[in-house]
Amino acid sequence: MAMRQFGKVKGLPRPKTPEDWHALHLKQKNVLPRIQELRLEWSQRGPGQTGIRYFKSHQVPSLQYWNKELKVECNSTADQKLRVGDPLVTVRLIDQQETTLNVAEMREEQILEQLKLLNDQSSP
């Protein structure tokens, strides 16, 4: 079964015009000006990986839309050596400080809240 993608709502047509896409992105407006780069790492299998996979497909498109200079790197692996506790989000702030978050067993909304906290804590 394929995972739902950003912009697809069951029973509704996919947005086609830039205005439709903008209206869709307005529903998930998250501006994180202090975050420069995100690196997502997870395994395609195993428990504790679902939240980061959903975060990548549901939240990252809007984050990139509202934060044009945000770089996002995604690394998924089918390697079974990754176990629970291994899905990671590495955040680089504009002052070059790096923080790694262990996002095992977190939902996509919880991961986004952690990023917002990091953004707010780093504000001057």
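1. Helices and strands are here DSSP runs, of at least four residues for helices and at least two for strands, numbered from the N terminus. The model is a predicted one. Read from the N terminus, the elements of the chain follow the order α-β-α-β-β-β-α, which comprises three helices and four strands.

2. As to the chain as a whole, 35% of its 124 residues count as buried. Among contacts between residues at least 6 apart in sequence, 68% join residues at least 24 apart.

3. Helix H1 spans residues 18-26 and helix H2 spans residues 50-66; their axes come within 10 Å and cross at roughly 105°. Angles of 65 to 115 degrees count as roughly perpendicular, and H1 is therefore roughly perpendicular to H2.

4. The residues that form this contact can be named on both sides. From H1 come His22, His25 and Leu26, which meet Pro61, Ser62, Tyr65 and Trp66 of H2. By class, the contact of H1 with H2 has four nonpolar and three polar residues, with no charged residues.

5. The charged end of Lys29 sits over the ring of Trp66, 4.7 Å from the ring centre. Lys68 lies over the face of Tyr65, at 4.6 Å from the centre of that ring.

6. A further point concerns Arg92, which is found in strand S3, residues 88-93. With a relative accessible area of 22%, Arg92 is partly exposed. Arg92 and Ile35 are 57 residues apart in sequence, yet their C-alpha atoms are 6.1 Å apart in space.

7. Ile35 is also one of the residues that Arg92 touches. Leaving out residues up to four places away in sequence, Arg92 touches Ile35, Gln36, Glu37, Arg39, Gln97 and Glu98.

Notes
Residues numbered from 1 in each chain as written. Predicted model: local features only at pLDDT ≥ 70, side-chain atom pairs only at ≥ 80, totals over all residues. Heavy atoms only, no water. Axes fitted to C-alpha atoms, helices over the stretch in contact; angles between N-to-C directions. Parallel < 35°, antiparallel > 145°, perpendicular 65-115°, else oblique. Contact = heavy atoms within 4.5 Å. Nonpolar A, V, L, I, M, F, W, Y, C, P; charged D, E, K, R; others polar. Lys NZ or Arg CZ within 6 Å of the ring centre and 35° of its normal. Buried < 20%, exposed > 50% of the residue type's maximum accessible area, 1.4 Å probe, protein only.
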